[in-house]
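This text goes through one protein chain step by step, from its overall make-up to the spaces inside it. Please keep the sequence and the 3D view open while reading.

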Amino acid sequence: MVARAARATDLADLDGAVSNCFACPRLVAWREEVARVKRAAFRDQDYWGRPVPGFGPPDARIGILGLAPAAHGGNRTGRIFTGDRSGDVLFAALHRAGLANQATSVSADDGLALRDTRIFASVRCAPPDNKPTPAERDTCAPWLHREVALIRPTLRVVVALGAFAWAAWWPVLRDVYAQRPPTPRPAFGHGAHWSGTAAPELLGCYHVSQQNTFTGRLTPAMLDDVFARAKDLAGVD
Ligand code: SF4
């Protein structure tokens with residue numbers, strides 16, 4: 001699996017390869033079970049039921065790093081943050097920031113396009129309770145690392161959505177940028193900012209989960225501030 005990720009020569013190749021990954025038995029079983037049983041509201045739809053690739057142009061200057069696809073969102077539609085409430089919040093914010101051509105993301109063929117931005121997950125398969133194990137995180141890391149390596153020429157800023165994504169970034173520093181991660185690791189927080197040399201700036205942002213957005217822990221204004229800062233640091237107009 002590591003070798004297959006490393007061999008990907010471009011994003012299309014990587015996206016195709018990751019879609020056919022079966023390396024984590026628990027997650028393979030879960031993604032396929034969810035796709036078979038379905039949620040009642042989507043019972044007439046064919047679920048994707050496979051790993052979910054990143055989304056966005058290959059010359060992105062801003063990366064958005066999430067946790068993992070949602071069982072009835074990305075695992076259903078085949079596109080990250082598509083078809084669930086988290087995506088509704090995220091893409092509305094990206095549209096306000098001028099980084100998405102529309103505010104909604106409902107299906108893989110809905111015409112959504114991103115500008116200067118690519119979204120990818122730390123773990124590419126939907127996990128039970130949104131909680132991958134450390135072993136699953138580590139098994140999936142080569143896909144993330146190769147994706148970052150492929151967009152490295154333009155990537156300037158990474159927005160980590162939540163503590164899991166924030167923690168998943170440090171091994172990228174070592175494997176892609178040949179940099180030793182800082183010790184101790186900077187703590188995650190909303191608005192946290194870490195700057196390295198010759199690596200993208202890292203911004204922390206609360207995850208766009210319903211748990212955060214429904215409770216007001218993460219507001220649209222807070223997201224707008226993060227993306228304005230990301231654009232500024234990345235030199236995006
Ligand atoms: S989580 Fe990652 S490594 Fe595991 S099966 Fe899915 S794509 Fe493969």
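The model is a predicted one. Counted in this way, the chain contains nine helices and five strands. Their order along the sequence is α-α-α-β-α-α-β-α-β-α-β-β-α-α. The radius of gyration is 16 Å, close to the 18 Å that the globule rule gives for 237 residues, so the chain is as compact as a globular protein of that length.

The overall extent can be given as a box. Along the principal axes, the C-alpha atoms fill roughly 50 × 40 × 30 Å. Buried residues, meaning those under 20% relative accessible area, make up 55% of the 237 residues.

Next come the spaces within the protein. How many cavities of 30 Å³ or more are there? The count comes to one. The largest cavity holds about 100 Å³ of space. Its lining consists of 16 residues, and those closest to the centre are Cys21, Cys24, Cys125, Cys140 and Trp143. Two elements each give two or more residues to this lining: helix H3 (25-37) and helix H6 (134-151). By class, the lining has 13 nonpolar residues, one polar and two charged.

Where does the ligand sit? The ligand is in the largest cavity. Around the ligand are Cys21, Ala23, Cys24, Leu27, Arg31, Pro51, Val123, Arg124, Cys125, Thr139 and Cys140. H3 and H6 are the elements that give two or more residues to this shell. The shell divides into eight nonpolar, one polar and two charged residues.

The chain also has pockets, which are open sets of points, whereas a cavity is a space that the probe cannot leave. The largest pocket has a volume of about 790 Å³. Of the 34 residues in its lining, Ala70, Ser86, Asn130, His207 and Ser209 are the closest to the centre. Helix H5 (85-96) and helix H8 (210-213) are the elements that supply two or more residues to this lining. Which of the elements gives the most to the lining of the largest pocket? H8 does, with three residues. Sorted by class, the pocket lining has 15 nonpolar, 13 polar and six charged residues.

Terms used. Residues are numbered from 1 along each chain as its sequence is written. This is a predicted model: local features need pLDDT of at least 70, side-chain atom pairs count only at pLDDT 80 or more; totals for chains, interfaces and linings use all residues. Side-chain values use heavy atoms; hydrogens and water are left out. On a 1 Å grid over the protein atoms alone, a cavity is a set of points where a 1.4 Å probe fits but cannot get out, and a pocket is an open set with protein on both sides within 12 Å along at least five of seven lines; lining residues have an atom within 4 Å of a point. Grid points are joined across faces, edges and corners, and a volume is the space filled by probe spheres set on the points. Helices (H or I, at least four residues) and strands (E, at least two) are DSSP runs, numbered from the N terminus. Ala, Val, Leu, Ile, Met, Phe, Trp, Tyr, Cys and Pro count as nonpolar, Asp, Glu, Lys and Arg as charged, and the others, Gly among them, as polar. A residue is near a molecule or strand if one of its heavy atoms lies within 4 Å of it. A molecule sits in a cavity or pocket if more than half of its atoms lie within 2 Å of its grid points. The radius of gyration is taken over C-alpha atoms; the globule rule is 2.2 Å times the number of residues to the power 0.38. Buried means under 20% relative accessible area, exposed over 50%, partly exposed in between (1.4 Å probe, protein chains only).
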